[in-house]
Amino acid sequence: MFHRTVLGFFTLLLGWQIPVLAETCTPIPVVGGEGSTVTKTVSEPTIPTLFGVDITRNNWNTDWAVPSENNTFRRYLVEVSSNDGGPFDIKMYLKYSDQTADLFFNKEGFNISGDKPLKIEASPRPEAQPYQVNLFIGGIESLGKTYTATVMGCR
């Protein structure tokens with residue numbers, strides 16, 4: 001009798017559905033671009049001169065603008081893929097209005113493939129929200145290789 005009562009109790013307990021709060025993720029727009037996704041081919045590195053003027057300008061940094069209204073994101077998701085594959089130097093930051101930044105990913109020669117994209121997750125400081133998400137992708141070994149990156153903010 002006791003076993004049937006316990007079994008009945010657990011059956012009833014497991015039958016309850018506990019509500020789960022769904023997370024909502026929103027694409028964040030690229031600064032100076034259109035949409036939330038960017039596709040770039042890694043250019044040659046910048047060559048500085050004695051007078052502070054750069055001979056070339058690389059495209060190794062990309063920023064995404066966190067909306068200033070309702071930007072209470074609990075986390076940020078970055079996804080990077082490359083059909084070219086191969087190693088990339090990658091850094092990912094959350095940038096704050098007090099001119100500071102938190103580094104969340106820093107790998108040299110990180111291999112990315114088209115079938116297995118890199119996924120980076122970052123959480124903002126407890127009492128502050130960033131104004132930008134920065135992604136640095138470059139490196140000598142990745143020159144001429146193309147990648148695609150996107151950023152989402154999740155509540």
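Four strands form an open sheet in the order β3-β8-β5-β6, with antiparallel pairing; strands here are DSSP runs of E with at least two residues, numbered from the N terminus, and two of them pair if DSSP finds at least two bridges between them. The edges are β3 (61-65) and β6 (101-111), each pairing on one side only. Please keep in mind that this is a predicted model, where local features need pLDDT of at least 70, side-chain atom pairs count only at pLDDT 80 or more, and totals for chains, interfaces and linings use all residues. Residues are numbered from 1 along each chain as its sequence is written, and side-chain values use heavy atoms, leaving out hydrogens and water.

Within the sheet, β5 (residues 87-95) pairs with β6 in the antiparallel sense over eight bridges. Ile90 stands opposite Lys107 in β6.

Now to the charged side chains. The count comes to six salt bridges, each being a side-chain nitrogen of Lys or Arg within 4 Å of a carboxyl oxygen of Asp or Glu.

Asp102, in strand β6, is 23 residues apart from Arg125.

Glu23, Arg74, Arg75 and Glu121 are linked in a network of salt bridges. Of these, Arg75 lies in strand β4 (residues 75-81).
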